Amino acid sequence: MFRSPKCGAFTAALLMSISPVLIAGPLGIGAPATAEMIAGWDIDIRPDGQGLPPGAGSVADGEGLYEAQCASCHGLFGEGAGRWPVLAGGEGTLDTAHPEKTVGSYWPYASTLWDYIHRAMPYPAPQSLTDDEVYAITAYVLYLNDIVDDDFVLNQETFQEVKMPNEPNFYIDDRPDVVNTRCMANCADPALFEIVTTINGVTPTAHFKEDSGVAANHYGNESSGAESVKVALSDAAVAGESVHAKACNVCHGAGIAGAPVTGDAGAWTDRIAQGMSTLNKHAIEGYVGKNGVMPAKGGNMALSDDEVANAVAFMVESSQ
Amino acid sequence: MTTIRIKAKERAGIVDVKSLMKHPMETGLRKDKDGNIIPPHFIQEIVAENNGAVVFSGSFNTSISKDPYLSFQYSGKKGDKLTLSWADNQGQKESTTVDVG
């Protein structure tokens, strides 16, 4: 779309790859990329200037280009129109409550500027600028940040003179676990590795109370990890587990409104002694006892009687 | 290198001026990390002169943002000399002259 000659070459190469002449390699598909195809992708610019094409652009050239192509969003002075990215200013704000990260205040390398403008700008028509235009706009943005003077001309050589103010604040990560030397031969046997220590207390675990008897349902039904519910459940109880999680656990998980906590055998013994039919009746129709109130179907009238009975079976079998 | 950037363009007898002044514009109400008040430091007076004649002037105060952006228009022509200057409450002054384009 943006580079029709290269798109054309690419399409042609694709068509050619269908012909049996070019089929090669272990899978018998595809075709070697031509030098021109690779050049179309190989557009990155390294911090040391590697990848910069021949060409040049001055701050003065860049001023007009910037005002025509960039200023409508980034502002005449790089101050950013509306909420578009600010390009200039913000020096000395990085360690404040409101850091303003701009080319001048934050970016470590000018190569990113050239690469990004060339690759992605202007926003509505990326890669529409010539190399000289990219040099000129890059020079002008550097000028807006007071990094270069107004008579500066940017090219492959003068690029080396550009030093970004914040570059010294970037450094190679020096934490001990990221500077190990990569082993490529005669490495230690992983089977002999030993875990010396682990880091605890990072993940919140307060909701896993093993003695609460509450099935931890934070991760779905598969984590009924509490010991007291690790009993063989009947089919009805298994079916009732999800109903319990949705409708019953609100109260029976924490003992709200006098509800016997699921898994608390002591609270359930006398209740179970009344028989399943009584428990089911209380659960389906509601019940007011001396300890608390059981709303009909737990207040969830969308449940069928069978679903409630299954949930009761789950609670009873989990609490014996 | 001046801290005032100015764009002045004439069109049909009207000069359109856009400018950005680098200035901290501290109100004197903020505190630094140690709880000490950051002393007020803001532009108080701003004057724009075209070939020596005042075409715009104003009083800034603490309600103006950091690095103020100022835009105004006046009658003028290409080649005029536009001078923009400010003075702040700490007695600092800054001035820049550009040709109207």
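Guide: Two residues are in contact if their C-beta atoms, placed from the backbone, lie within 7 Å. The model under discussion is predicted.

Visitor: How many residues does the contact take from chain B and from chain A?

Guide: The cut-off of 7 Å decides which residues count. On the side of chain B that touches chain A, S1 and S2 of chain B are the elements that give two or more residues. That side divides into three nonpolar, no polar and four charged residues. The contact takes six residues from chain A and, from chain B, seven residues.

Visitor: Which residue in S5(B) is the bridge partner of Val17(B)?

Guide: S2(B) also pairs with strand S5 (residues 69-75) of chain B, in the antiparallel sense and over seven bridges. Within S5(B), the bridge partner of Val17(B) is Phe72(B).

Visitor: Which strands of chain B stand at the edges of the open sheet, each with a single partner strand?

Guide: The open sheet has four strands in the order S4-S3-S6-S7 (chain B), with antiparallel pairing. Each edge strand has a single partner strand, so one side of each is left without a neighbour in the sheet. The edge strands of chain B are S4 (53-59) and S7 (93-99).

Technical notes
Residues numbered from 1 in each chain as written. Chains lettered and ligands numbered in written order. Predicted model: local features only at pLDDT ≥ 70, side-chain atom pairs only at ≥ 80, totals over all residues. Pairing = 2+ DSSP bridges. Nonpolar A, V, L, I, M, F, W, Y, C, P; charged D, E, K, R; others polar.
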